[in-house]
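Please consider the structure shown below together with its sequence. The paragraphs that follow lead from the whole chain to some of its individual residues.

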Amino acid sequence: MSTTPELIAKLEKLGDEFLAQAQPLADEQSIRAAQAQFLGKKGKVSELMKELGKLPPAERPQVGAAANKVKEKIEQLVEACLVRIANAAKQQDLARKVDITLPARPVGGGHLHLLTQVRQEAVAVFAELGFVVAEGPQIETDWHTFEALAIPKDHPARDMQDTFYVSEEIVLRTHTSPVQVRTMLTQPPPIRIVAPGHVYRRDDDPTHSPMFTQLEGLAVDTDISFSDLKGTLLHFVKRFFQKDLGIRLRPSYFPFVEPGAEVDMQCSFCGGSGCRICKQTGWVEIGGAGMVDPDVFKNVGIDSERFTGFAFGMGIERMAMLRHGVNDIKFYYEGDVRFLEQF
Ligand code: FA5
């Protein structure tokens with residue numbers, strides 16, 4: 001059993017002991033562990049204090065005061081050690097050399113969306129042939145979208161394009177053909193335009209989307225014939241797909257052209273021998289086309305005795321699918337960078 005002076009001496013020694021133990025430590029965690037060894041519930045100070053009860057009551061306050069003093073000293077040493085390591089870390093930071101002449105890391109840039117790329121490339125092919133870009137509104141009048149194109153309200157052809165109506169007279173355009181009307185109303189022949197843009201229909205399956213992109217074409221002049229239409233489309237397909245592919249024009253009905261045709265091209269994937277993209281037929285439909293109907297010329301005030309014209313409308317998603325094998329139209333619009341980065 002220790003006497004009061006012995007116990008006080010032991011307590012006082014703990015301060016130096018802590019200092020010796022904590023001085024070499026270089027991180028906060030070890031300093032806190034050392035602090036617990038001295039000041040914790042089962043720490044060295046508490047151990048010594050167990051002897052307090054055995055001392056004469058009159059001497060106990062003296063020992064208690066010595067214990068408080070050593071606790072305070074250890075607390076101060078802990079603080080000093082923490083400041084020391086914080087300063088050391090700061091010094092290390094300041095000493096680190098930065099080579100500002102190193103080249104910067106490249107910043108990942110974005111790129112045009114696949115549909116924008118395809119649209120620009122398609123327009124570029126027609127631009128080589130003298131076509132210029134024309135535009136029209138996506139929220140369009142019923143008259144420009146249907147009536148002027150010889151599709152009156154009760155006409156069964158309206159069922160081919162299930163329409164989103166804004167009001168009785170205003171629609172979301174179902175095709176880019178109203179740009180034909182707007183162009184012919186404002187510009188006298190000769191006309192050679194292409195009109196790319198968004199169109200809307202109540203359509204939704206793996207190859208049809210409620211919003212998609214079409215590329216309209218229109219040429220009006222004194223001597224335009226069906227063979228000009230065929231030659232233009234054939235040139236486009238060969239140039240755009242950079243392959244010697246054929247086209248075929250299947251007789252079809254659009255009220256605003258006469259004769260009218262569906263435009264098929266040989267499948268760019270298999271070259272016409274049959275694959276999953278063309279459903280083993282060797283051919284894929286890319287759009288509609290035909291000679292401008294004299295009724296449409298009448299509606300826009302162009303003399304159909306003097307002028308003839310051809311028009312076509314193609315799906316840009318379809319062309320992108322044929323170029324890149326995209327088998328679900330949704331991929332274009334989901335904004336998934338894993339898809340978009342491939343192009
Ligand atoms: C038309 O829209 C006519 N305006 C085309 C035209 C223009 C004919 C000028 C004559 C003269 P159609 O409804 O077939 O035609 O659409 C043309 C192309 O758009 C289709 O061949 C297809 O490639 C694409 N398309 C049609 N509906 C959708 C849809 N919901 N999603 C994606 N592409 C579509």
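The protein chain exposes about 18800 Å², of which carbon and sulfur atoms supply 54%; accessible areas come from the Shrake-Rupley method with a 1.4 Å probe, and for residues only the protein chains shown count as cover. This is a predicted model, in which local features need pLDDT of at least 70 and side-chain atom pairs count only at pLDDT 80 or more, while totals for chains, interfaces and linings use all residues. Residues are numbered from 1 along each chain as its sequence is written, and side-chain values use heavy atoms, with hydrogens and water left out.

The overall architecture comes next. The protein chain has 11 helices and 9 strands; helices (H or I, at least four residues) and strands (E, at least two) are DSSP runs, numbered from the N terminus. The radius of gyration of the protein chain is 42 Å, well over the 20 Å that the globule rule gives for 343 residues, so the chain is more spread out than a compact globule. Here the radius is taken over C-alpha atoms, and the globule rule is 2.2 Å times the number of residues to the power 0.38. Along the principal axes, the C-alpha atoms fill a box of roughly 130 × 50 × 40 Å.

The protein chain is divided into domain 1 (4-95) and domain 2 (114-340), with bounds that come from an automatic or database domain assignment. The centres of the two domains, taken over C-alpha atoms, are separated by 86 Å.

Of the 343 residues in the protein chain, 43% are buried. Buried means under 20% relative accessible area, exposed means over 50%, and partly exposed lies in between (1.4 Å probe, protein chains only). Among the contacts with a separation of 6 or more, 68% are between residues 24 or more positions apart; a contact means heavy atoms within 4.5 Å.

Helix α7 illustrates both terms. Its buried residues are P178, V179, Q180, V181, T183 and M184. These buried residues pack against β2 (139-141), α6, β4, β5 (211-221), α9 (294-300) and β9 (308-315).

The backbone also deserves attention. Between α7 (178-186) and β4 (191-200) there is a loop that contains P190, and a cis peptide bond with omega of about 5° joins P189 and P190. Another cis peptide bond joins E258 and P259, where omega is about -5°. P259 lies in strand β7 (residues 257-266).

Which residues other than glycine have a positive phi? One of them is A150, with phi near 65°, placed in the loop between α6 (142-145) and β3 (170-172). Q280 is not a glycine, yet it has a positive phi of about 65°. The place of Q280 is in the loop between β7 and β8 (283-292), and Q280 counts as exposed at 57% relative accessibility.

Finally, consider L129, in the loop between α5 (114-128) and β1 (132-133). Is L129 buried or partly exposed? With a relative accessible area of 32%, L129 is partly exposed. Not counting residues up to four places away in sequence, L129 touches R192, T232 and H235. L129 and H235 are 106 residues apart along the chain, but their C-alpha atoms are separated by 9.5 Å.
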